[in-house]
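Me: I would like to learn how to read the features of a chain-to-chain contact. Could we work through one case?

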Amino acid sequence: MIRSKDVFRATLFACGGLLLSPPVVAATSADEELAAVDATIGGMSDQTVVMEMVTNEPGKAERRLTFEATVKGTAWRRVEFLAPADVKGTRVLVLGVDQMYIYLPAYRKVRRIATHVKEQGFMGSAWDHDEIALAVFGKVFRATAVADHGATLTLTLERKADQAFLYPRLEVDVRKDLHQPIEIRYFNDAGVNAKTETRSDFTCQGKLCTPRAVEMVDHSRGELKSRMLLKDWQVNRGVPDSLFTVRALQRGG
Amino acid sequence: MDLLARLIANRAAAVWIVVVTVGLGVASAFQATRLQQSDDLLEFLPRGNLAVAKFTELSRRFGTTEIALVGIETDDPFAASFLKRLQQATEELKGLGSLNHVLSLANTGDFTPDPGRGGVVTTALVDRLPANAVDEQALRTKVMSRDQVVGNLVAADGRAVAIVAMLAAGAPLRAVAAQIQAVVTKAFPTETLYWAGDPFVSTYVFNTTQHDLLLLTPWAVLAVILILMVTFRDPVGISIVLVATTLSIAMTLGLMAALGVRFNIVLAGMPVVLFAIGSAYGVHLLARYYALNERLEPTTSLTQAIHQTGPVIIGSGLTTVVSLASYLGMDVHPLRIFGLFAGVGIFLAMGLSLTFVPALASLLKVHHHPSSSTAVAAAIGRLTRGAARHRLGLGAALALVAVLGAAASTRLDSSVDAGAFFNAGSPPALAEAFMRAHFGGSQFAFIEISGDMREPANLRLVRRIADRAALEPGVTGVSHIGQAVATANAVLAGQARIPETAAQVSVLYSFMGDPVLDQFVTRDHAHSLIHIRLASDRAAEVAPVLARLDAIASEAGATGAGSNPAGDVAWRVLALAHQHHLTVSASPERLQALIDHGTPRPDVAVVEAELRRFLGSEENAVVLPDAEAARVASALVTLGDRTAVAELTTTVAASLSPTRPPSDAEDLALSVSTPLRETWAVARAAWRRDQLVSTLGLAAPATDAVGRFAADVTQAMLDLEDGATAAGGAAPVAIAVNGLPVMHRGLSQSVSRNQIVSLIASAALVLLIMAALFRSLWVGLLALTPTVLTLLCVYGAMGVFGIRLDVGTSMLASLVIGAGVDYAIHLLASWRAPPGGSAADAAHDAGCAAGPGVWTNAVMVAAGFSVLTLGDAKPLQNIGGLTAASMLLAALATFLAVPALAGRRRYEILGATRATAADSAAAVVLDPRTTAAHKPAPRK
């Protein structure tokens, strides 16, 4: 019933796509390759993207959502929804799990929401909290195997004992030239492939790359499919810390 | 008949007939293996019925309305071991893919205000498993204080929990029900589990019916065969007949497969019907053949048998076929298919009895020495003669029985509910009782409101209807979009109520989860559902509740949205008191007057304190030391709820430290604008609440219930604020009660209609055939009379014993008319007084000649159908028991009513050739159903 967690997810979700840009690192073993992939994700001081998310659910009308997301470091995130009209102007600031703030223009006030829940999709999309929040694989998983397929390799990741991530095992197909995940398969406790995420059509600025399209298919919800399309991407602009304050959230811009 | 007889007499033609028939039968049997099974219970919903159409449309619009409820009995639902298994089961259920939404204690969200830092903290209700008894008690206290959880997910006595699963659109009920049962049973192998809700009930009904049919059909067929064998003591002849009947069934099934017709649980009962009724035709002809063959050579015997019995067989067969065809007038598709193909099967059985049976008998040169068994014939002969002799008295008695039956049948209950499909003590009945005891029941009705559900006025209308429904006896709970929106508003804006503007509602919808939202409102926000939990699943108890809900819906539709805020609040207060088990004796009108009374005098100190709290929270954009916050709060409170930013900025700037930059005042004014207005509104609402609670004589919030009631009433009172009541026009709305109970009501109307249509159609068609067969409308009526009498008795008994007319039992009338009228045909076809004899003599001779056959057939059909009563499936028990009783009654009624009403000394059947006396004597011994008299009755 309570959807405040969705607000949190909204921000995480929006920012999740940002954590994808790499300096290319050479690697050989499973652990090294996992470290290289993680290095590509956290390699920028800040970045801003504009994305459109399209969700298709069997029997339901297609849904579109456009947002601008800015990330600084690995903790500060800010999202502004641009469309549709229902959510236009809504801004979300995440400084930590219990430091999330939302500004709803319809209410003309800032609301603090501290959320400790993680389940179900964001705004009807196929993404869940855990997948969105999974910025760096190595904090949650350890690599147990690697299979080389030439241009790509497949990492098998097992959840660390002290982690509560929803899925105990992941298979990550990695493009060797970019050290970028191109497909992530999420396996549930029963060993069933519950979801599949694909990242494609990479665009680069210098050594930094990001996928133009990210798609998630939830196999357990009638193949519910969400696709994020990159509209704009800016990196290392020197975004000031003041953007990540309640005052800036309230004022907008 | 002549042409047919000559054809059969030709050996080559007989060989050809046998070969072609067997070939067709084998090919059909092969084709029948491709017959597909349908387990779609929705096929049984009558097409064209308005209530059903509306329910179907509702299900389509909202994806699904199928709710599966699992009840788990436990001594301690808050023990870590139990909760862990509940979490596992809930997670596993969510992963099934066939469920839209799964809700249990394990995944319910919760939120609490954070007065210090501001805003709310959201967590899972069970955020961690209790580590010890203290933790467990704390969790119990927390959970049992959540009104939305108690009675829905955990029983008020804490001894049961429920898992609620909403099925995805188009999910196969039986498969999903089995999946849920597997998951939950694995997690709770030692607990007592209850499976409630339509998916489980439908599955139970389907499975037990299918199981019983699979198990009992062979026994029913065996019973028919045994009776045939014992009665006629002719294994070869009976085998020929059974092969013919089997071939007719194979051909029917093959035809169905070729036409793409899918098999279902009703059609699964067809073999019993065809065996019981269809085998009689072949026996009839074969017996005549044996009788004639005693003194004539085989070919002549065969042709004469066809001549003599052909018209009677065709007449009997056609009456049954047209009776079954009357199902085509029903609006339940599987019954129409049953009527069509059971009719085809009977037609084929009839056809093979006049072609395949004599042909094979001729080729095999079967011969049978009839045994002597005349006791039954003699007894029936005495009965029919007695009936004819006491026509007046018997006629009066039968008329009285008919009148009594008709009177009792007016008590016949055609209401449909889940109870029509299972017995007391069955798993669904136990589950319903469990859910009723712990969770208020498992039956849901819906009220659908069409209109723009982004408009707050329409949401308040939804809430008003729900509040009124919640107060109705027989309603144990309501849930609706207004509650979900209010909860979301509490999280995102701090007030647990429907917001003031459509823009606010829209943004809340955007942040609410689809599984929750989809239960209550369509994606285009044009339709909303109120879920109403009913205490009973019995039609008789549900009917008055539905009537009152209809009245509420009509009244709300007439009143419209947004016309009476104080009236809405009055209903809200009554519903809240009801929810918290508090007694408020005031009427809605009285409450409205109390609510409207007086000008609020909010507590300024409370407002100032709340402002200070806000200024010190993280939601305030400008960090203020305590002293500065106190100054600002004091200054702001003097403004009242005037929240123009310019005035606020000036006031704030004057109370801030002079060292602060001007932007601080501007940002602070922006921050405080909305909270200031809301704080005053809450203070006024609290004043109204206190006045009302005091006037109603409710105690101060000393108990949890009163405290939560008071908090909820405060939120309700906020709707009286100018902004809230002015916002949102009264958009046009349409309101209608819907749901399974309403559909059952429609189904009930459909059953009644179907019964009338099929009864009239089959009676009229049979009458036509009979009139044509005997060339007399009066004789047609005479032949129909025993069946009508039988039906009056059966329906009267159903009325007296409370056996309901439902989809299954509504098949009875046509079946009884079709099969039962055969008895009168046989009796009348044998009706011939000896020279100089009276009508009583004719009755005696007809009774002797046709009676044993009629009785044997009645016993045979009764035995076949009564086997169906031995299972667990209530629909089969009803149809089996009633058909069995009906056929015996029909036979008895034939022996009494026909002699009592027949005035002639003989009745001629179209196209029949009379048997000679010698034929008759032999035939009676072998097959008493033949048309000849057993022996001349002594002349009186």
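Me: Which residue in β4(B) is the bridge partner of A:I113?

Reply: In this predicted model, A:I113 has B:V120 of β4(B) as its bridge partner. To call two strands paired, look for at least two bridges between them. Here strand β6 (residues 109-115) of chain A and β4(B) are joined by three bridges, and the two strands run parallel.

Me: How many residues does each chain bring to the contact?

Reply: The size of an interface is often given as the accessible area lost when the parts come together. Residue counts are used here: chain B contributes 47 residues and chain A 39 residues. On the side of chain B that touches chain A, at least two residues each come from β3 (109-113), β4 (120-124), α17 (481-493), α18 (502-511), α19 (514-520) and α26 (662-696). The most come from α18(B), which gives seven residues. Sorted by class, this side of chain B holds 21 nonpolar, 18 polar and eight charged residues.

Me: What is the radius of gyration of chain B, and what would a compact globule have?

Reply: The value for chain B is 38 Å, whereas a compact globule of 940 residues would have one near 30 Å. The extents of the C-alpha trace along the principal axes are about 135 × 55 × 45 Å.

Me: What share of the residues in chain B is buried?

Reply: Of its 940 residues, 57% are buried. Among contacts in chain B with a separation of 6 or more, 81% are between residues 24 or more positions apart. Chain B contains 34 helices and 10 strands.

Technical notes:
Residues numbered from 1 in each chain as written. Chains lettered and ligands numbered in written order. Predicted model: local features only at pLDDT ≥ 70, side-chain atom pairs only at ≥ 80, totals over all residues. Helix = DSSP H or I, 4+ residues; strand = E, 2+ residues; numbered from the N terminus. Rg over C-alpha atoms; globule rule 2.2 N^0.38 Å. Buried ≥ 20, exposed ≤ 12 C-beta atoms within 10 Å, placed from the backbone. Contact = placed C-beta atoms within 7 Å. Nonpolar A, V, L, I, M, F, W, Y, C, P; charged D, E, K, R; others polar.
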